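The sequence and model come first.

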Amino acid sequence: SRAMHRYALTLIICAFLSLLPFAAQADTAAPLTKIEPLTIATDGDATMFTVEIADTDETRERGLMFRQRLPEGHGMLFDFGEPRRVAMWMKNTLIPLDMVFIRADGTVAGIARNTTPGSLDPLGVGEPIKAVLEIPGGTSDKIGLAPGDTVYHRIFNTGE
């Protein structure tokens, strides 16, 4: 009957619509699976961080986009593998960050402090780097981070 057909079609549509949030969630909430410790040694002090590792094109491209906050003591380490010239930007990034540009030996090449959320201006240093550490804006000043300081993590050749 026509009523039965309409009822069946309504059930199918409702079932399909109920699955949509799961499909969207799977796409946008894909978590970075690697979370590791990292230490920054500044003049006479050391600060530990818990960092997410972005070491694939997909995770590096997404970075910290759309995050509402980044807790103190946390960050994201962008591992580029072989040292290369890198330009970062703040597209779709909602919070100010400090970007720490790090050489293969773990030394800090430069720091972009309190970057502007949403800015498309390229940020970088004039030399090849192995990684960029993004931490909450203002953290570099708080811990006294300066070029030449050392970042300790398994990806750097820090002589340990």
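## A bridge inside the sheet

Phe78 has Val132 as its bridge partner in E6. Helices (H or I, at least four residues) and strands (E, at least two) are DSSP runs, numbered from the N terminus. Two strands pair if DSSP finds at least two bridges between them. E3 and E6 meet that test with 5 bridges, in the antiparallel sense. Phe78 is also the partner in E3 of Ala54. Strand E2 (residues 45-54) and strand E3 (residues 74-84) run parallel and are joined by 5 bridges.

## Basis of the model

This is a predicted model, in which local features need pLDDT of at least 70 and side-chain atom pairs count only at pLDDT 80 or more, while totals for chains, interfaces and linings use all residues. Residues are numbered from 1 along each chain as its sequence is written, and side-chain values use heavy atoms, with hydrogens and water left out.

## The whole sheet

The open sheet has 7 strands. Their order is E5-E4-E6-E3-E2-E1-E7, and the pairing is mixed. Strands E5 (108-112) and E7 (150-152) stand at the edges. Each has a single partner strand, so one side of each is left without a neighbour in the sheet. From one strand to the next, the twist averages 30°. Such angles run from 0 to 180 degrees between N-to-C directions, with axes as lines fitted to C-alpha atoms, for helices over the stretch in contact.

Strand E6 (residues 129-136) is mostly covered, with 8 of its 8 residues buried. Buried means under 20% relative accessible area, exposed over 50%, and partly exposed in between (1.4 Å probe, protein chains only). Strand E4 (residues 97-102) runs antiparallel to E6, joined by 6 bridges. Met99 stands opposite Glu134 in E6. In a regular strand the side chains alternate between the two faces of the sheet.

## A buried helix residue

Thr139 belongs to helix H3 (residues 139-143). Its relative accessible area is 9%, so Thr139 is buried. Beyond its neighbours within four places in sequence, Thr139 is in contact (heavy atoms within 4.5 Å) with Phe49 and Asp98.

## Salt bridges

Side chains of opposite charge can pair when their charged atoms come close. How many salt bridges does a search of the whole structure find? The search finds 8. A salt bridge is a side-chain nitrogen of Lys or Arg within 4 Å of a carboxyl oxygen of Asp or Glu.

One of them joins Arg67 to Glu52, with the closest N and O atoms 2.9 Å apart. Arg67 lies in the loop between helix H2 (57-62) and E3, and Glu52 in strand E2, so the pair ties together parts 15 residues apart in sequence. Arg67 is partly exposed at 27%. Glu52 counts as buried at 15%.

## Two loop arginines

Arg103 and Glu127 meet in a salt bridge, 2.7 Å from N to O. Arg103 sits in the loop between E4 and E5, and Glu127 in the loop between E5 and E6, so this pair ties together parts 24 residues apart in sequence. Arg103 is partly exposed, at 25% relative accessibility. Glu127 is partly exposed too, with a relative accessible area of 25%.

Arg113 and Asp141 also meet in a salt bridge, 2.8 Å from N to O. Arg113 lies in the loop between E5 and E6, and Asp141 in helix H3, so the pair ties together parts 28 residues apart in sequence. Arg113 is partly exposed, at 35%. Asp141 is exposed, at 52%.
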